[in-house]
Amino acid sequence: MFQKILIANRGEIALRILRACRELGIRTVIAHSKVDAQSLPVRLADESICVGPDEARSSYLNIPSIISAAYITDSEAIHPGYGFLSENAAFADICRACGIVFIGPSPEAIRLMGDKAQARELARQAGVAIIPGSEGPLKDEEQALSLADAIGFPVMLKAASGGGGRGMRIVRSRDALPQSFATCQAEAGAAFGSSEVYLEKFLDQARHIEVQVLGDRAGTRIHLGERDCSVQRRHQKLLEESPAPVLVSETRAGLYKAALSLAQAVNYTSAGTVEFLVDREGHFYFIEMNTRIQVEHPVTEMVTGIDLVREQIRIGAGESLGGKQEAVSLVGHAIECRINAEDPATFTPCPGRVTAWVPPGGPGVRVDSHLLASYTIPSVYDSLIAKIIVHGRDREEAIRRMQRALAETIVEGIKTTIPFHQRLLADPAFLAGGFALPRLEVSL
Ligand code: MV4
């Protein structure tokens, strides 16, 4: 096992990784930006090292600085968390070349899955259903038109290097396609450095359901159930739960099998997530694979009792998965609410100084947060300040528990999305747990 790990991240996930390291008896180094020097993860870490100024590009994304920090501190491995360098194949390559373990999958798996058009092609070859659409990236407008005519409108254009909803556009008619294709290509080129775009039929009223997988170097691969992440606003997830309320057992078994087939096809190691869209008929289609630990991983930890970050670290150190599939049992129901420092009506970020913070507690409640009373939330990073996760015997108990947890949470000095979650958890469409999604901006 590693003696020392460098954590190349901030906020709640830096703290989450630090906790896993402590329990494994591993020393921790936090690589942080200037503004984060006083943050809770930095205060709790065994060591810390400033890797640059506030802007992420100069600190949390500064590869030479982070690699140097690992060398200086004798860190054997780097945990990238989520965001920042977590899905950067070039960074994983550099770690390998420098003899530092990148805690995550191979650079090859990151690179392949990072190209969403290639991932789609691999899924097809592995026998995993994909949404009708293009084979690989679109060559030109003419090809886009003939494919769209064949599958029918509306269609979706997606940037091959995008993902998570970035670089996507719905095209509702034949007339709109040429303009949308040009814009999508141009935006993809500017945002991701690649203008490759692919096409899919637009699936209306589908649920976003993802399967958590784990793979070790010996080739053991298991799934840890699914998460329903359908409650999103502008591609930001707001609430996630497990199990997915809409699934029947045959669909669920099919999703698990498909997720493992894809993981197998890329020889996947570490923790990963295979995303699907599931329609009302129970048909499911692969959309993309995330090659990192995800924000919503605690939902899975609550229903499995497995510490995913611990498993990532153990796998990174070459150890094999503690248990096989038969040892995994999915118990009860878990829900996560992401609490952001945002106006709950407009979702406009509201950074500032927190004057009071009393997290919820009691049975079945977990809080992952780097918040401190009198902490000033910087405006340069994302606005996630806490994740409240609850576990109950069933969905109803979990919902009641979340309502109770939200009601007892005290955050003063800033606006948070807690009132939004309270309205969501009273919304009939959410409570029904069916295919219809709550209308986030109108009725809530
Ligand atoms: C789609 C889609 C409809 N049709 N693809 C992709 C990334 C993920 N974050 C959401 N994505 C979607 N891809 C096709 N061909 C709709 C979504 C989508 C979505 C799906 C289910 C539930 C909520 C959603 C919110 C935004 C986008």
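Start with helix 4 and helix 5, which are roughly antiparallel to each other (the label for angles over 145 degrees; under 35 is roughly parallel, 65 to 115 roughly perpendicular, and the rest oblique). Select residues 89-97 for helix 4 and 107-114 for helix 5. They pack at an angle of about 170 degrees, with axes 8 Å apart. Axes here are lines fitted to C-alpha atoms over the stretch in contact, and angles run from 0 to 180 degrees between N-to-C directions. Helices are DSSP runs of H or I with at least four residues, strands are runs of E with at least two, and both are numbered from the N terminus.

Now show the side chains at this contact (heavy atoms within 4.5 Å). Helix 4 brings Ala89, Ala90, Ala92, Asp93 and Arg96. Helix 5 brings Pro107, Glu108, Ile110 and Arg111. By class, that makes 5 nonpolar, no polar and 4 charged residues. Nonpolar covers Ala, Val, Leu, Ile, Met, Phe, Trp, Tyr, Cys and Pro; charged covers Asp, Glu, Lys and Arg; the others, Gly among them, are polar.

A word on the model: it is predicted, with local features needing pLDDT of at least 70 and side-chain atom pairs pLDDT 80 or more, while totals for chains, interfaces and linings use all residues. Residues are numbered from 1 along each chain as its sequence is written, and side-chain values use heavy atoms, leaving out hydrogens and water.

Zoom in on the polar contacts (pairs of N or O atoms within 3.5 Å). The side chain of lysine 158 places an N or O atom 2.9 Å from a ligand nitrogen. At lysine 201, a backbone N or O atom lies 2.8 Å from a ligand nitrogen. At leucine 203, a polar backbone atom is 2.9 Å from a ligand nitrogen. Alone, the ligand exposes 530 Å², and the protein buries 90% of that (Shrake-Rupley method, 1.4 Å probe).

Finish with the backbone. Most residues other than glycine have a negative phi, and most peptide bonds are trans. Select phenylalanine 153 and proline 154: their peptide bond is cis, with omega about -5 degrees. Proline 154 sits in the loop between helix 7 (141-151) and strand 6.

Technical notes. A polar contact is a pair of N or O atoms within 3.5 Å; within protein, one must be able to donate a hydrogen and the other to accept it, and residues adjacent in sequence count only if both atoms are side-chain atoms.
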